[in-house]
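Hi,

Here is the structure I promised to pass on. Have a look at it first, then read my notes below.

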Amino acid sequence: RCYTQTEIDQQQLEEMVGQGAILVDVRSPQEFAEGHLKNAILLPEYEINKSVNDILPDKLQIIIVYCSTGHRSEKAQKKLIKLGYQKVYNLCKGLENIY
């Protein structure tokens, strides 16, 4: 179950992506290569502080982060908010919620 207003489920994910939200996979490059959501951008959670400005220049765009279970993406979400991103959502329970 999702508990916060910034956690979304698969249905909300599809609606938000349809409205232009950016999907960010925060898993490792190897996990990303093994399969990811359509149109997702790879930004590993451990690289956020180093690479985020190049990959996500617009701090007002809607961003959805996800990982396998929702734990790394929750950490990534907190980092992005701390860096000034204002509309960051976490896919509740990650990919295990979808596959």
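What follows is what turned up, beginning with the ground rules and then moving from the sheet to single residues.

This is a predicted model, so to speak of local features we need pLDDT of at least 70, while side-chain atom pairs count only at pLDDT 80 or more, and totals for chains, interfaces and linings use all residues. Residues are numbered from 1 along each chain as its sequence is written, and side-chain values use heavy atoms, with hydrogens and water left out.

**The sheet**

Helices (H or I, at least four residues) and strands (E, at least two) are DSSP runs, numbered from the N terminus. Two strands pair if DSSP finds at least two bridges between them. On that basis there is an open sheet of 5 strands, ordered S1-S5-S4-S2-S3, with parallel pairing. Strand S1 (7-8) and strand S3 (41-42) stand at the edges with a single partner strand each, so one side of each has no neighbour in the sheet.

Going through some of the pairings:

- S1 and S5 run parallel and are joined by 2 bridges; Ile8 has Leu91 as its bridge partner in S5.
- S4 and strand S5 (residues 87-91) also run parallel, with 4 bridges joining them.
- Strand S2 (residues 22-25) pairs with S4 in the parallel sense over 4 bridges, and Leu23 has Ile64 as its bridge partner in S4.

How enclosed is strand S4 (residues 62-66) by the rest of the structure? Largely, because 4 of its 5 residues are buried. Here buried means under 20% relative accessible area, exposed means over 50%, and partly exposed is in between (1.4 Å probe, protein chains only).

S4, helix H4 (residues 71-82) and S5 make a right-handed β-α-β unit. Right-handed means that, with the strands pointing away from the viewer, the path from the first strand over the helix to the second runs clockwise. H4 lies across S4 and S5, and runs at about 175 degrees to S5. For that angle, axes are lines fitted to C-alpha atoms, for helices over the stretch in contact, and angles run from 0 to 180 degrees between N-to-C directions.

Ile64 lies in strand S4 and counts as buried, at 0% relative accessibility. Contact means heavy atoms within 4.5 Å. Leaving aside neighbours within four places in sequence, the residues in contact with Ile64 include Ile8, Leu13, Met16, Val17, Ala21 and Leu91. Gly35 is 29 residues from Ile64 in sequence, and their C-alpha atoms are 17 Å apart in space.

Ser28 lies in the loop between S2 and helix H2 (29-33). Is Ser28 buried or exposed? Its relative accessibility is 19%, so Ser28 counts as buried. Not counting residues up to four places away in sequence, Ser28 touches Leu42, Tyr46 and Arg72.

**Cysteines**

A disulfide is a pair of cysteine sulfur atoms within 2.5 Å, and by this rule the count comes to 0. Cys67 is in no disulfide, as the nearest cysteine sulfur, that of Cys92, is 11 Å away. Cys67 counts as buried, at 0% relative accessibility.

**Helix H1 and the backbone**

Asp9 caps the N-terminal end of helix H1 (residues 10-18), with a side-chain oxygen 3.2 Å from the backbone nitrogen of Gln11. Just after H1, Gly20 takes a positive phi of about 105 degrees.

Most residues other than glycine have a negative phi. Two residues are worth a look with that in mind:

- Asn39 is not a glycine, yet has a positive phi of about 70 degrees. Asn39 lies in the loop between H2 and S3 and is exposed, with a relative accessible area of 64%.
- Lys93 is not a glycine either, and has a positive phi of about 65 degrees. Lys93 is in the segment after S5 and is partly exposed, with a relative accessible area of 37%.

Cheers

How values were computed:
A polar contact is a pair of N or O atoms within 3.5 Å; within protein, one must be able to donate a hydrogen and the other to accept it, and residues adjacent in sequence count only if both atoms are side-chain atoms.
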